[in-house]
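Work through the exercises below with the model open beside you. Try each task before you read its solution.

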Amino acid sequence: MRHATLSEMRRASLKHAWRRALLAACYGLVAIASTPARTDAQSATRAWIGAISGTVTLRQTEVSAAVAALALIEAVLIGALWVSRSRRRRAELALRASEGRHRALLKVIPDLMFVLSRDGVYLDYHAKNPDDLFVPPESFLGKNMRDIMPPHLDARIRECFDEALTTGEPALAEYTLPLGGGEKHFEVRIVQRDDGDFVSIVRDITDRKRAAEQLRKSEEFNRRIIENSPECIKILEPDGVLTYMSPAGMRLLELEELNIQGTNILDYLGPQDRADGEDALARARAGGIGTFHGMLLTRSGREKWVDAVVSPMLDGTGKVESLLAVSRDVTERRAADEALGETRAQVARLNRVMTLGALTSSIAHELRQPLAAILLNAATCRRYLSARPADLDGVNDCLMDLQRDATRASDIISRVRTLITRTPTQRSPLDLNAAIREVVELVRDDVASAGVMLTTELESELPKVEADRVQLQQVLLNLIRNGVEAMRDAGDSSKRLVIRSLRSTPSMIEEDVSDSGVGFEPGAEDRIFDPFYTTKVDGTGLGLAMSRTIVEAHGGRLWAATNADGGATFRFALASAQLAGAPSTPSLPQATAHTLELGR
């Protein structure tokens, strides 16, 4: 009975020891995560050994099995400890790497960083530049911010604490502090950490604030310019739809702000100018500058004339984002130009009348010759008719002479009337040589009465010029009369006036009037063309000024030069009406010369 009880007790003890051993092994497997488990495993092992050695007497096979189990348990424990140490080592290395990265980030971040407790005590800080701190670190670490910051700033930061605590999101605030002899602007972001403390990140935004203020001033300056500018300033979509129009533009077109929404600037152009407006927009869309001169129609239907420039506005990638159109109201200027043109036409007509008045003797002589021939032929015709039988052949010859002389007199009167009559400018291809010959015929006797020898040297086969005949003949009359009057005080020396025509370049025709008079003072080459400038006692100072205006209106140029042997030459140049097909190397001029010995 006793032996059975002992065997049962031994088996029960062994069974209990094996359980403790297995439990110790399980503890060993988790020993990397729990130090108390490691201690329990060791205690369980010791208890099991005690059970084997002191409490129960075991057979050899049972002891061998126990030793093997113990070795297994020790191996498991050793492996668990090695794994735990390796993991701890990796964790330490990862922590060091993380701290290194954080230190590197802190080195490059220009912001100030502070760690504060919930009640506002400064616990730690980071400052790349210590000069950015409001006070030295030893003056604020461990102290409450209410003792460091101005009261209003302390209150604002505590509001951010409450906001970050309530929302769980960073709280943002801006403030200003006196630093470095001036004011600096800062932006603070506050967020709560997991441990309950707060992190405050402070950024210096002084430069940003200054840039924003400069931008605001610039925008205000530009706004003032636009609002007070007399020009019509518009922002357009690339297709011409209006998005903005300045007050001057609204007044110009008699619009209200609501009227421009969704409208196209082309809708305000006159029908005849729409194509030019579309062309200006197309040029700007292509990246160029579009120009436009034409008529706009106001809301009430009134006509307004404008000069406009359209330019592209680019986005960050260089793509045309919108168009800027600036236009100027030139309605009054246009009316003034028309009035000025009318006045110039009247002055030109007056100048022609005065010129013809000075050529009265020449005109009278021109008319006297055909009229005397008409009278003579009429008397001869009567004699032929009185004869018996009547000489009809002679009568026919006389009638033909009468017709020729009457036509000549009519032509003289027509030329004079054309120069005097107020007619609109009519440009057409003009034979310059023919115009010169007509003027020479008109001034023949007046030049002769002044004792002047007039010579013409006209290049043959000149291309025609696009000009108004009457106006160019007026220029010739003025230049001839100016040359004759310049030789009035030349004494008994030879008085010579030469008129030349030539092709100076393949596309330019020149006409010269050269005299042997007294010339003009050095440096007066341009001043003599000024209105009302004259060196003559009875001069008006309008002839040369009007002549230059006429030539320049034809796209040409009129200038003067002093001759080396005395006197002056007046020369004007006009573009040929037949630019196409002009020879690249013109042949030598073939001039025809005519000399009028017109002495008294």
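A residue is buried if its relative accessible area is under 20%. The model used here is predicted.

**Exercise 1. Helix 14**

Task: Find which residues of helix 14 are buried, and state what follows for the helix.

Solution: 
- Step 1. Locate helix 14 at residues 543–553.
- Step 2. List its buried residues: Gly 543, Leu 544, Ala 545, Met 546, Ser 547, Arg 548, Ile 550 and Val 551.
- Step 3. That makes 8 of the 11 residues, so helix 14 is largely enclosed by the rest of the structure.
- Step 4. Gly 555 follows helix 14 and has a positive phi, near 80°.
- Step 5. Of its 600 residues, 37% count as buried.

**Exercise 2. The partner of helix 14**

Task: Describe how helix 13 and helix 14 pack.

Solution: 
- Step 1. Recall what is needed. Two packed helices are described by the angle between their axes and the distance between the axes.
- Step 2. Helix 13 and helix 14 pack at about 145°, and their axes are 9 Å apart.
- Step 3. The crossing of helix 13 and helix 14 is left-handed.
- Step 4. Name the residues that meet. Helix 13 brings Gln 471, Gln 474, Val 475, Asn 478, Leu 479 and Asn 482. Helix 14 brings Gly 543, Leu 544, Met 546, Ser 547, Ile 550 and Val 551.

**Exercise 3. Helix 12 against helix 13**

Task: Decide how helix 12 and helix 13 are oriented to each other, and with which hand they cross.

Solution: 
- Step 1. Find the helices. Helix 12 covers residues 432–449, and helix 13 covers residues 469–486.
- Step 2. Read the geometry. Their axes come within 10 Å and cross at roughly 40°.
- Step 3. Classify the angle. Under 35 degrees would count as roughly parallel, and 65 to 115 as roughly perpendicular. Helix 12 and helix 13 are therefore oblique to each other.
- Step 4. Helix 12 passes helix 13 in a right-handed crossing.
- Step 5. Name the contact residues. On helix 12 they are Leu 432, Ala 435, Ile 436, Glu 438, Val 439, Val 443 and Val 447. On helix 13 they are Arg 469, Leu 472, Gln 473, Leu 476, Leu 477, Ile 480 and Val 484.
- Step 6. Explain the spacing. An α-helix has 3.6 residues a turn, so residues three or four places apart point the same way.

**Exercise 4. Aromatic pairs**

Task: The structure holds 6 aromatic pairs. Describe two of them, starting with Tyr 125 and Phe 140.

Solution: 
- Step 1. Classify the pair. Tyr 125 and Phe 140 are edge-to-face, with 5.6 Å centre to centre and 80° between the planes.
- Step 2. Place the residues. Tyr 125 is in strand 2 (residues 122–126) and Phe 140 in helix 4 (residues 137–140), so the pair ties together parts 15 residues apart in sequence.
- Step 3. Tyr 125 is partly exposed, at 30% relative accessible area. Phe 140 is buried, at 2%.
- Step 4. Turn to the second pair. Phe 161 and Phe 198 are stacked, with 4.3 Å centre to centre and 5° between the planes.
- Step 5. Phe 161 is in helix 5 (residues 151–167) and Phe 198 in strand 5 (residues 198–204), 37 residues apart. Both Phe 161 and Phe 198 are buried.
- Step 6. Widen the view. Ring pairs link Phe 114, Tyr 122, Tyr 125 and Phe 140 into a cluster.

**Exercise 5. Arginine over tryptophan**

Solution: 
- Step 1. Arg 334 lies over the face of Trp 305, 3.7 Å from the ring centre.
- Step 2. Arg 557 lies over the face of Trp 559, 3.9 Å from the ring centre.

**Exercise 6. Positive phi in loops**

Task: Is Glu 461 buried or exposed? Compare its setting with that of Glu 254.

Solution: 
- Step 1. Recall the background. Most residues other than glycine have a negative phi.
- Step 2. Read the angles. Phi is positive in Glu 254, near 60°, and in Glu 461, near 55°.
- Step 3. Find the loops. Glu 254 lies between helix 7 and helix 8. Glu 461 lies between strand 12 and strand 13.
- Step 4. Glu 461 is exposed, at 75% relative accessible area. Glu 254 is partly exposed, at 26%.

Definitions and conventions: Residues numbered from 1 in each chain as written. Predicted model: local features only at pLDDT ≥ 70, side-chain atom pairs only at ≥ 80, totals over all residues. Heavy atoms only, no water. Phe/Tyr/Trp six-rings, centres within 6.5 Å; stacked < 30°, edge-to-face > 60°. Helix = DSSP H or I, 4+ residues; strand = E, 2+ residues; numbered from the N terminus. Buried < 20%, exposed > 50% of the residue type's maximum accessible area, 1.4 Å probe, protein only. Lys NZ or Arg CZ within 6 Å of the ring centre and 35° of its normal. Axes fitted to C-alpha atoms, helices over the stretch in contact; angles between N-to-C directions. Parallel < 35°, antiparallel > 145°, perpendicular 65-115°, else oblique. Left-handed = near helix turned anticlockwise from the far one by under 90°. Contact = heavy atoms within 4.5 Å.
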